[in-house]
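Opening the notebook on this one.

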Amino acid sequence: MMDLNGKVAYITGGSKGIGLGVAKALLAKGMKVAISGRNSESLALATQDLNDSEQVLALRSDVSIYENEIDAVKAIQEKWGRLDVVLANAGVGHFAPVDTMELEQWNQMINTNLTGAFYTLKASVEALKASEGYYITLASLAGTNFFAQGAGYNATKFGLVGFTQAAMLDLRKHNIKVSTIMPGSVATYFNNNEPSQKDAWKIQSEDIGQIVVDLLEMHPRTLPSKIEVRPTRPDLK
């Protein structure tokens, strides 16, 4: 997959933040990119940001609903006839002590961050077999480093890392490459943050976009299956 021109990607949670940054990086390489999200208004704004190109397809999909992901993949194949890259990026986070965490918060994280990634893969895996494509999950350093008030989020990201690595072993016999990216602090809208100059020290969404491009352009014989990435320096405040 070293030549990306004309290849087709699907990015869940692609209307802003990391997903949108990756979409811009892939479009710059000549790829066709479908982005999905739950909010129609955010998708419309993202499409404008991506210049309303014929190379862009916006899809309303909730990854925690399997039928939504089936429909999204079907729409991509109907428009472009193939699917080469899938980035399971959609995610939510709630942070509270385990004894006060609400059931709804726990279930939303499990259903989106973990089950959603499985649904996205399950819906797209036959298309990826046909293209000998690439499946990537957006995990977190929270998938290896636990912290107070992170029980639910840690559980989903630890699970996502394990899921992705096992999927890598299952799917490489089909010539599908599988990787997980585990960032530290990223300047995004996650957890109600509003990116600004205060986030300049953090990883930027375009940096994750560059990592995805690097993975896709790497020689097919080599697979970086798990990538940890963190800010070069901490917030010095």
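Predicted model: local features only at pLDDT ≥ 70, side-chain atom pairs only at ≥ 80, totals over all residues.

**Rings**

I started with Phe 118, which has 38% relative accessibility and so counts as partly exposed.

Next I looked up the ring partner of Phe 118. The ring centres of Phe 118 and Phe 163 are 6.2 Å apart and the planes sit at 90 degrees, so I logged the pair as edge-to-face, the label for planes over 60 degrees apart.

I then counted aromatic pairs and got 5. Ring pairs also join Tyr 66, Phe 118, Tyr 119 and Phe 163 into a cluster.

**H3 on H4**

Helix H3 covers residues 66-80 and helix H4 residues 103-131; I noted an angle of about 30 degrees and axes 8 Å apart. The cut-off for roughly parallel is under 35 degrees, so H3 and H4 get that label. H3 passes H4 in a right-handed crossing.

On the H3 side, the contact uses Tyr 66, Glu 69, Ile 70, Val 73 and Gln 77, while H4 brings Tyr 119, Thr 120, Lys 122, Ala 123, Ser 124 and Ala 127. I sorted the residues of this contact into 6 nonpolar, 3 polar and 2 charged.

**H1 on H6**

From H1 I listed Gly 17, Ile 18, Gly 21, Val 22, Ala 25 and Leu 26, which meet Ser 205, Ile 208, Gly 209, Val 212, Val 213 and Leu 216 of H6. My tally for the H1 and H6 contact is 8 nonpolar, 4 polar and no charged.

**Lys 177**

Is Lys 177 buried or exposed? I found a relative accessible area of 15%, so Lys 177 is buried, the limit being under 20%. Lys 177 lies in strand E6 (residues 177-183).

Leaving out neighbours within four places in sequence, I have Lys 177 in contact with Gly 133, Tyr 134, Tyr 135, Leu 215, Met 218, His 219, Pro 220, Thr 222 and Leu 223. I also checked Glu 132, 45 residues from Lys 177 along the chain: their C-alpha atoms are separated by 7.8 Å.

Conventions: Residues numbered from 1 in each chain as written. Heavy atoms only, no water. Axes fitted to C-alpha atoms, helices over the stretch in contact; angles between N-to-C directions. Helix = DSSP H or I, 4+ residues; strand = E, 2+ residues; numbered from the N terminus. Parallel < 35°, antiparallel > 145°, perpendicular 65-115°, else oblique. Left-handed = near helix turned anticlockwise from the far one by under 90°. Contact = heavy atoms within 4.5 Å. Nonpolar A, V, L, I, M, F, W, Y, C, P; charged D, E, K, R; others polar. Phe/Tyr/Trp six-rings, centres within 6.5 Å; stacked < 30°, edge-to-face > 60°. Buried < 20%, exposed > 50% of the residue type's maximum accessible area, 1.4 Å probe, protein only.
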